Amino acid sequence: MVNAALLGEEPFVALACSTNNQAVTNLIDSLGKALLQNSPDPISRRWIPQARSLGLFFPSDKAKERIPKGKYLVAARKGGAFPDEIEHTETRARTEQHFFECFSRYYGETIENPEKIIRILHNDLKTQFNRYSKIVTELEQLEEIRQALEDSRFTDLAEWISSLETETVTLQTTLNACQKTADEEASRAALKQQNARKLQQAAKNEIEPKSVFNRVLNLLPDNRQLRISNLQFLLIDNGYEHLAEKLAQPNFRLSQAMRIFDRLVIEATRLAQLPEAAAQISTLKTNIATLQTRTKQLKKWLSFRIECWTEIAELINQINADTRAAEFEYQHSETLRKLYKNNPEGLIEKLDTLVRNRLFFLASRYWEARWIHENNNIDTNTNLKQTAEHISKRMRRYAMLTPCFVATCYKATATFLVPYKGPLQGFFDMIIMDEAGQVAPEIGGPCLVLGQKAIIIGDTLQIAPIVSVSSAIDRGNLHEAGLLEHKTMLAQNGYTAFEGSMMKMAQHKSCRTLSDGKGMFLAEHRRCYDEIIGYCNRFYNGCLKPVRGPKTDSFLPAMGYAHIRGEARKVQGSWSNKIEAQTIAEWIARKRVKLENRYKTPIDQIIAIVTPFRSQATLIKNELSKLAAANGVHGLKNITVGTVHGLQGAECPVVIFSTVYDFTVSTQYFFNSDNSMLNVAVSRAQDSFLVFGDMQILDASSDPKTNSDHLARIILTDPENEITDILPTTIGIDSQALPLRIETLEQHCDYLRKSFKTAQKNILVYSPYLSDKAINHDKIVELINDASQRGVKVVIAACADHFIPCSKTEQDYARKGRELLHATSAELIFLPRIHNKTLIVDDQHLIEGSFNWFSAPRSKKYDKQEFSNAYSGDDITDTIHRVWQRTLERIPDPSERQRIRQWIFQ
């Protein structure tokens, strides 16, 4: 968009698309947030106020009906609500006047000529861009210097330069010595070569005399021997005795002697060349030249590091002045140098948010001026013609205000075409396909023909496409196209309709890729707190880099849970749990004020609810709507509730996951069927991910086997993760029964003491966690012993999965608590996956709630809101018997189960 404005070309236009309306509305919501409508910088605010988003939505007719009026900028191929409104003659005049007034306030001069304004904005944009580019170039050079210094063994450039200069001097001294030695050796070798040539000539005169007479004499044996003797003396006189011995060998011929003298010349010539010395000298010269070049570069760097900060500061101050914006926090060269000399990239990031975005907004104002100019020259006779030329011209005019068109893949291919001729091939400068892991090849592929380039964004470890083509049909289509022999390759790379996705295809064809050949990987994760994304990171082999940090406030846990004893029902293939839905809706309604005060935004912008089943989503929506009507809070019915598939790509501060199942359901849980469901559900939460449901379905054992087991290990091993302020539910008790509501720490402790003192036959206490602090504070040991002396049988059930809590302090508290209880006459049993906090006294009293009887902190400083319902009377006897029966059935050891049964009911 900025580059197109700098070049004065046609506007940049992108198509953002995905497979469903949830994904595309996520996109268009982000495009609306991109405009800083409340910024004090006037250049960042729209000068054409109707264009309140960067995105123009092309919805289907059904989707259009569901969109609240005015929420999005909506259009169609022939115009639509936003284009018709903004380009209307009456609206156009008001819009232009508002634009001219904004321009006048910003630049301090009144101009109502669009062409002149275009030139001013264009020149301003180029000036600011050149300044910004120069700053970034210098900072990148500083980063190069910093990185080079970091890779070296030196602390600063001056030390590095000094070391190189010292090394250069040392090498130069060595070079001088080598050169002197080489010169001396060369002189000796030259003299030796000269002597060898003289010997060679003398020998030649003896062996091959010029005189014919002497040549004839050499044929005589005695004369030939005389010549050999002369040659021997010649060699001996010049120090070649070993060669003279060769001439004395029997049958040595005079003609062979010349070879000896020729070799003397060859050897002398070779020595004169001194190849080893020449190589050493050449290496030394090369090394010295390299050191001198590097030293020169470092000196330039040293000078640049000192001088560049002044220039950068001046450029920043010029940008501040010319953009009429608030000044940079750092505008003095010395301040900049101290802050960023060791982190130039930090200043680049700062400029990215304080300058580059201004370039974007300045370009936006330029395109608004271009739109006004174009709008004044619309030919009403041809504007709505459906030729490729007129459609393209109209769409590019829209793009001057909304450079990103948004549509589902289905709608995009049906909209951006020329009637009866086909798609607008290559019209879009960029196709941006989001959540591409969900987009099937046959759905997303046709969109690519509309663009020149494509950025495909998605995650193959999240929700896969909904398959609409069977494997047999896929195979038949491949056969028809003559591609059946390539089926394996096509399937592996995501091209088949049955197994593929646009994300897999993009990974295969990406022009930029990592070593694994699967495109680029966004490692930095900024949405969620570290505790939340830590769960998801196991799906990515630990490659994600959490950068937001850990959650520091205690308003809600980052990873929490609320135990709800509901009843799961399966109707027409879909599971639901009405008690769970009611509890979730009631908790949200009760927490609404606190949540809205905490986040300073309506409740429907704070919480989203995810569930595996549509039936449960419908139940929760209905319960929220009832509470919205009853309390007059419309925001409750606007809360986003949906399945994991529908919410991929969305995000919310608090996400509640409704599990639906209860402990009686023995089937494999749907959210464990693949890795994607819990990965998507958890990663929707920015601040808190809360699991609401029957916690007995989750296994927090030491050897997790499923994705929910891993989740259980995170949320269940710390009692601080529990949401305790939910209203208790008791299965099997008449809904008309009116329980005694217990809400305070004092009330719970009093009821516990009273229960031990009034019991006549037996007491059953479910306390998943144990702590010696709570046991000692309430004198539980004395209460147990006193009750036992009266013949009361006491059974305490704790959770085996919580046998080793997460912190060492809690481990110590739990160990001491177990020791205290083991020393009493009470039966302490450890059962798997218990989360209910039940207290039963004889056959007449039952209390159910969220209070951990033997571990909840007894200090008001750490007191959490707890709710329990206390029931009494003959009407609950059957329920109490069922709880006892269920307790005994869950004891793993049959003999131990039988022993405790006989002990209690003897």
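Trainee: What do the numbering and the values rest on?

Mentor: Residues are numbered from 1 along each chain as its sequence is written, and side-chain values use heavy atoms, with hydrogens and water left out. The model is predicted, and local features need pLDDT of at least 70, side-chain atom pairs count only at pLDDT 80 or more, and totals for chains, interfaces and linings use all residues.

Trainee: How many aromatic pairs does a search of the whole structure find?

Mentor: The search finds 28 aromatic pairs. Rings of Phe, Tyr and Trp (its six-membered ring) pair if their centres lie within 6.5 Å; planes under 30 degrees apart count as stacked, over 60 as edge-to-face and the rest as tilted.

Trainee: Why is the pair of Tyr535 and Phe539 called edge-to-face?

Mentor: The ring centres of Tyr535 and Phe539 are 5.7 Å apart and their planes stand at 85°, so the pair is edge-to-face. Ring pairs also link Trp575, Phe613, Phe657, Tyr661, Tyr669, Phe670, Phe671 and Phe689 into a cluster.

Trainee: What makes Lys591 count as lying over the face of Phe555?

Mentor: A charge sits over a ring if NZ of Lys or CZ of Arg is within 6 Å of the ring centre and within 35 degrees of the ring normal. Lys591 lies over the face of Phe555 at 5.6 Å from the ring centre. Arg598 lies over the face of Tyr599, at 5.0 Å from the ring centre.

Trainee: Why does Gln686 count as buried?

Mentor: Its relative accessibility is 19%, so Gln686 counts as buried; the term means under 20% relative accessible area, with exposed over 50% and partly exposed in between (1.4 Å probe, protein chains only). Tyr535 and Phe539 are buried too.

Trainee: What does Gln686 touch, leaving out residues up to four places away in sequence?

Mentor: Gln686 touches Arg527, Cys528, Tyr529, Ile532, Arg548, Glu651, Cys652 and Pro653, where contact means heavy atoms within 4.5 Å. Gln686 and Glu651 are 35 residues apart in sequence and 6.8 Å apart in space, C-alpha to C-alpha.

Trainee: Which classes of residue line the largest cavity?

Mentor: The lining has 4 nonpolar, 5 polar and 2 charged residues. Ala, Val, Leu, Ile, Met, Phe, Trp, Tyr, Cys and Pro count as nonpolar, Asp, Glu, Lys and Arg as charged, and the others, Gly among them, as polar. The lining residues include His563, Arg565, Pro728, Glu848 and Gly849; each lining residue has an atom within 4 Å of a cavity point, on a 1 Å grid over the protein atoms alone where a 1.4 Å probe fits but cannot get out.

Notes. On a 1 Å grid over the protein atoms alone, a cavity is a set of points where a 1.4 Å probe fits but cannot get out, and a pocket is an open set with protein on both sides within 12 Å along at least five of seven lines; lining residues have an atom within 4 Å of a point.
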